[in-house]
Structure formats: structure tokens, C-alpha cells
Amino acid sequence: MAIDAATVRKVAILARLNEPEARLEPLARELNGIMTWIEQLAEVDTDGVEPMASAVDHKLPLREDIVTEGGDPSRVLANAPSSKDNFFVVPKVVE
Amino acid sequence: MAGSELTSLTLKSALEGLKSKKFSSTEITQAHVDAVAASKTLNAYVLETPERALQMAAAADARIARGEAGLLEGAPLGIKDLFCTEGYRTTAASKILGDFKPTYESTVTTHLWRDGAVMLGKLNLDEFAMGSTNETSAFGPVANPWRAEGSNQTLTPGGSSGGSAAAVAADLCLGATATDTGGSIRQPAAFTGTVGIKPTYGRCSRWGIVAFASSLDQAGPIAKTVEDAAILLRSMAGHDPKDSTSLPVGVPDFASFVGKSVKGLRIGVPKEYRVDGMPAEIEALWAKGIEWLKEAGCEIVDVSLPHTKYALPTYYIVAPAEASSNLARYDGMRYGLRAEGKTLTEVYENTRGQGFGDEVKRRIMIGAYVLSAGYYDAYYLKAQKVRRRIADDFKAAFEKCDALLTPATPSAAFALGVKDTMDPVQMYLNDVFTVTANLAGVPAMSVPAGLDKDGLPLGLQLIGRTLDEETLFSLGGALEKAADFRAKPKTWWKG
């Protein structure tokens, strides 16, 4: 499996990263290098091994489904690039 | 006491001096504020908060006068700029967070302030903690206070907690917070002659720490001595309902384990850590460490961690996958940078294209790729299974021994700029000895153990069982005592 410029473009779109056309080839080379190095994992016998998603054996706790914090729009909006009347202002989505 | 006398104190002796009113928090804080202001060449701090520091110091002095001193009362500390600090800019050293001023405080720093500590400012790091040299920071790299004997070349302090390690080594704080996802506490500690511990995953709450790879990220201290690290960790740790992975366990008095006898402890020496091309000096230091622990009464056992060589490739799937998910939140809508664009998608793409640096983008791309349709099983699921194998290696080893001893890094600090001559994989190999502990979730500590032929510090690493930091502190104390590491960097950066 080789990563080419077209794959890089596709992944960049998936990741919402604007990569200039000139960066696609060098990135493909870098990512290929990294992924080829990663390929060695195929050597490891993992038949019947449970995938490990958490670093320690610990059951995730459930909490009461109640409001603990909130009702403070000024704190929520304090860092917004643009806001109005307690709402985030975002670029127009629907024409 | 003169300013430099105050800044050169260990945290432990500073706390004693404060308690016995030999000097005030205002005095020792002012001494540090002055030292920080005179050390801009190091680029360790990305935000200095002298007014806040002196205000906190005055409050600490008042509490000391009332006999209400907390565990860290009046001690000036540095905070890695990955911890959210209410009202004070928090950037993760990324342009995408811009002037972000959190309206909340991270749990770890909340604990420090609860115990009376004083904030000197925010410390530089690799962007989003992704890097091993501090060169991916949007603020430029930190300079290592250490230089090779007879050389003027600036060296890397390591990364990602390079600012934390440099600030501690240069006496610009009594101790610092740091985080470790693949070695980001231990590698910079080793490069700067400081002590760093990555505790068990879940010991410290991740709430309010800018996320990189959530199943690997863990906070810990960088300090001047093993005992200082123990004092800091006691304050930083503790269960937090706001982080569902925070462990509901009590916090021991870690410092009480420093100086405890290590007689009869079994120390595992993993043969897989003897990697190709390892410098003879690192090998010799490791042998010395084994000898020191033997003399302290430990029993040395050969152990095997057969999947060690797969740890880095596993990490470079798991960490980027989690990073690409975590960093999806930077969309320019709610906080941070928003770039212009004709459509909403263009705004997203331009914001992220301009806001993230190259290394962060590279890792987001790897993450998006390994998680994309058709590759998930082949890469991500496979890596999660190998991760289990790696964790099982540790479980098996810990049936034969109480802790492991390894080198902390495959080399001493190297020159800034070397990164540009290496491919990414070569750079990633820096974390070869440290990344396994993150994957397995076990605690690990780096202790300065000697100088190389150029006079640069080298560290040894101790790895312990899950939630057994106590043994690490005892062993770390024993190594520290035997190594008797007292060297300090020459202060070339002042003025």
C-alpha cells in the first residue's frame, strides 16, 4: 500500500486541513515513510487478543443525569471569535 | 538571603524556610520573578504573570502568619501551557488557540492553588505536546540551560515539556507541572538533569488539560529532587469526578517513601532495552545504576519485554488517531483562531491549515488515515491489540520483579535544528524507552544519574507497577543518593 498525492488530498479533506498543492507530494513521501515503518506490526500474532482501549482496568463510572454546571452564557462565549445575543455567530451555512 | 540563594533552594528546603519564617513567600517569589525576567534568552516562559504571583505570595504570607499553611504554601511554580488557567492565556503553544483565556481552571492547578502554591507563569512546550525537541512550539524552541563543555551551541531541552524542564534546571521556579503522552516528562527531565515522574494513568485528573491523546496523556511534576517531585505529585494527584478515567483511589504521602530502604526489592533489567547503536556511555550508566541498586540491597533480575520494539509503531497509530479526534474541536467557531473563507468548509480548512503547525498536521493526517474507512481494522484495531500484548509483557515482568531499571533516553541532549535533518521516524525514536509506560499505563520516573563526556546530564528510568509510585520514589531516592548528582548548568543566559 502506497500513499500518493491523491490519498493525501483525500485525507486532508477528511481532516479539514487546507494543504497547498505543492505540499501534497512531500507529505505523501513522509506519510509513506511513517506507514511503512508501522507495517511491522503485522508480524505480531494478535489472534484472540482483546483490543486495549484504556490504559488501566477501570470501569467507567456513570453519574446522575442532572445539570451540574451551566446557565452562564457569558463564560461560554467569552472566547468566541464572533457572538451576538448569547449566540455564536458562524458563517452562513444554508443559502 | 540573596535572590540567587532563594532560587537555588529545593522545593523542600524552601517550604521549610517559609514555614519557619526565614524568608517570606513575597521574597522568594520576587527572587523568581526577577530570575525569570533576566532569562528570556531561554524562552522557557511563554507568559509571565508577576502581578498574579506577588498577589498569591502575599495571600500565602497571610496564611502562614495565621498558621494555616498548606502543603505548598508560598512556593512559586511554573505551569506548562497545556493546563487551563482561569483568566490567563492558555495556548498549547499553538497559533490555533491564539489568545484563548479559559473561564475555568484545570483540576491539577486547582489542587496546587488549594495547597498554597504561587503561579509564576506559563511554560513553553511543543505544539499540543507533539514533539521531542520543543521546536514545534509556535513560540519557538526553548534553549536547554546546559551546554556541552567548551561549546556555545544551543541544545534542545527535549520535549514536549521542554519549558518545564529548562525552567526547573535554570532555577526559574521551584518545580513545574508537565504532561507525558509518550515521554514528554521523562525525556526533557533526563536532558536537563532534573527529576520527572509520569504517574499511573488516572492518578492525576486530565480535566482542563488540553487533550492530545486521551488514553495516554498523564500529568506529573518536573522537579529538582526526587523528594520535591513526591511533594508536588501529592498535591497534583487525586480523584476527580470530572474526568471519568480518574482513578477513585487515595493519594499516599509520596515523600514519606523517599529515603526508605530498598533492601530486598527485585529490580528487573529488560534485555530488549539494549538497542542497536546505543552509545557506550548510556550502556555504562545503566550498568552503574544496576550496581548502585545492588549496593542498596536490591536483587537484580533479568526480564524480557518481548514486544518492546513494537511500542513506537503502536504509539504512532494510537496517539495520532486519538489526536485527530481530539483536535477536531478546533473549528474556528467557539474559540481561538478563525480564518476567512468563502464557504463554511473553507473557513474550517483555512482555520486549521493556518492554525496548526506542520508536526500537528502530520499527526492529524496519520490519525485520519488510520481511522478512515477500510483501514480501521488493519491499523487502529491491530495497534490496540498489540498494545494489549505490550501491557501483558509488563504484567508478566512484574511477577518476577518490583520495578524495572532502564536508560531514560538513547542519547544526551542534542543541538537545536538537528530535527530538520532527520526524517520523522528518526525523531520518533527518541521516545523508544519511555513510550512503553504510556501504552501500559504504568508509572515511570526519570532520575539524573551522571554527566556524559561533554558534561551533559543523562538520566535513568524506573518503571513501576500500576499505582505503585511509592516504590518508584523509594528507588528514585536510592539512585539519587548513590549518583549524588549535584552538577548545575553554567548561567550563560542571564542578562
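Q: Helices (H or I, at least four residues) and strands (E, at least two) are DSSP runs, numbered from the N terminus; which residue just after H2(B) takes a positive phi?
A: Lys21(B) does, with a phi of about 60°. This is a predicted model, in which local features need pLDDT of at least 70 and side-chain atom pairs count only at pLDDT 80 or more, whereas totals for chains, interfaces and linings use all residues. Residues are numbered from 1 along each chain as its sequence is written, and chains are lettered from A and ligands numbered from 1 in the order in which they are written.

Q: Why is strand S9 of chain B called largely enclosed?
A: Five of the five residues of S9(B), residues 403–407, are buried, so the rest of the structure largely encloses this strand.

Q: Which strands pair with S9(B)?
A: Pairing requires at least two DSSP bridges between two strands. Strand S7 (residues 266–270) of chain B is joined to S9(B) by two bridges, and the two run parallel; Gly268(B) stands opposite Leu404(B). With S11(B), residues 457–464, the pairing is antiparallel over five bridges, and Leu405(B) stands opposite Leu462(B).

Q: Why is chain A called more spread out than a compact globule?
A: Chain A has three helices and two strands, in the order α-α-α-β-β from the N terminus. Its radius of gyration, taken over C-alpha atoms, is 22 Å, well over the 12 Å of the globule rule for 95 residues (2.2 Å times the number of residues to the power 0.38), so chain A is more spread out than a compact globule. Buried residues make up 18% of its 95 residues.

Q: How many residues does each chain bring to the contact?
A: Chain B brings 54 residues and chain A brings 40. H13(B) gives the most to the side of chain B that touches chain A, with ten residues.

Methods
Buried ≥ 20, exposed ≤ 12 C-beta atoms within 10 Å, placed from the backbone. Contact = placed C-beta atoms within 7 Å.
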